[in-house]
Amino acid sequence: AAQADLQVIKTATQQVTAQGGEVLFISQRHLLTFNQVQNVPLVPDYELVFLMEMAMSNNRAYLDAFDEAISSQRYAMIVSEPLIIQYQGRNHSFGEENDAWVKNVSEPILCYYEPSVKLDTAGVILYTPRAIPCK
């Protein structure tokens, strides 16, 4: 099942790049590092851990640039763990961190992108631009 999911990721990302589109790997970047996915340039700007750090610190300059990239639908595909909009509040364990992620990452992505392929074994969703964004 993992190999099948990997093949889906390879095929989808290579189709996007063959058409001149950019693929943003928020998660699963090791697939690029270890050549499991080839001929897909790494977009270094928005990696999962660093993006979380910027969301928690509310680094507006960084987050505004992220918002611009997302709202302009710069990426033809985003590879990420599943994104949901569920605020938890400070009374929940890691609730404030979750809420920073939801506000600064999940909401913008889900406004301008939609799930196109869900890979349960890999825990990955491939997001593609929405024809009609929410804003």
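How many bridges join strand β2 to β4? Three bridges join β2 (residues 75-80) to β4, and the two strands run antiparallel.

## Basis of the model

This is a predicted model, in which local features need pLDDT of at least 70 and side-chain atom pairs count only at pLDDT 80 or more, while totals for chains, interfaces and linings use all residues. Residues are numbered from 1 along each chain as its sequence is written, and side-chain values use heavy atoms, with hydrogens and water left out.

## The sheet

Four strands form an open sheet in the order β1-β2-β4-β3, with mixed pairing. β1 (22-25) and β3 stand at the edges with a single partner strand each, so one side of each has no neighbour in the sheet. On average, neighbouring strands are turned by 25° against each other, direction ignored. Strands are DSSP runs of E with at least two residues, helices are runs of H or I with at least four, and both are numbered from the N terminus. Two strands pair if DSSP finds at least two bridges between them. Angles run from 0 to 180 degrees between N-to-C directions, and axes are lines fitted to C-alpha atoms, for helices over the stretch in contact.

β1 and β2 pair in the parallel sense over four bridges. L24 has I78 in β2 as its bridge partner, and I78 also stands opposite Y127 in β4. P115 stands opposite Y127 too; here β3 (residues 113-119) and β4 pair in the antiparallel sense over six bridges. Four residues lie between β3 and β4 in their hairpin, where G123 takes a positive phi near 65°.

## Helices across the sheet

Helix α1 (residues 2-18) lies across β1, β2, β3 and β4, at about 140° to β1. Helix α5 (residues 95-112) lies across β2, β3 and β4, at about 95° to β3. Contact means heavy atoms within 4.5 Å. In β4 (residues 124-129), five of the six residues are buried, that is, under 20% relative accessible area, with exposed over 50% and partly exposed in between (1.4 Å probe, protein chains only).

## Salt bridges

The whole structure has seven salt bridges, each a side-chain nitrogen of Lys or Arg within 4 Å of a carboxyl oxygen of Asp or Glu. E22 and R74 form one of them, at 2.9 Å from N to O. E22 lies in β1 and R74 in the loop between α4 (60-71) and β2, so the pair ties together parts 52 residues apart in sequence.
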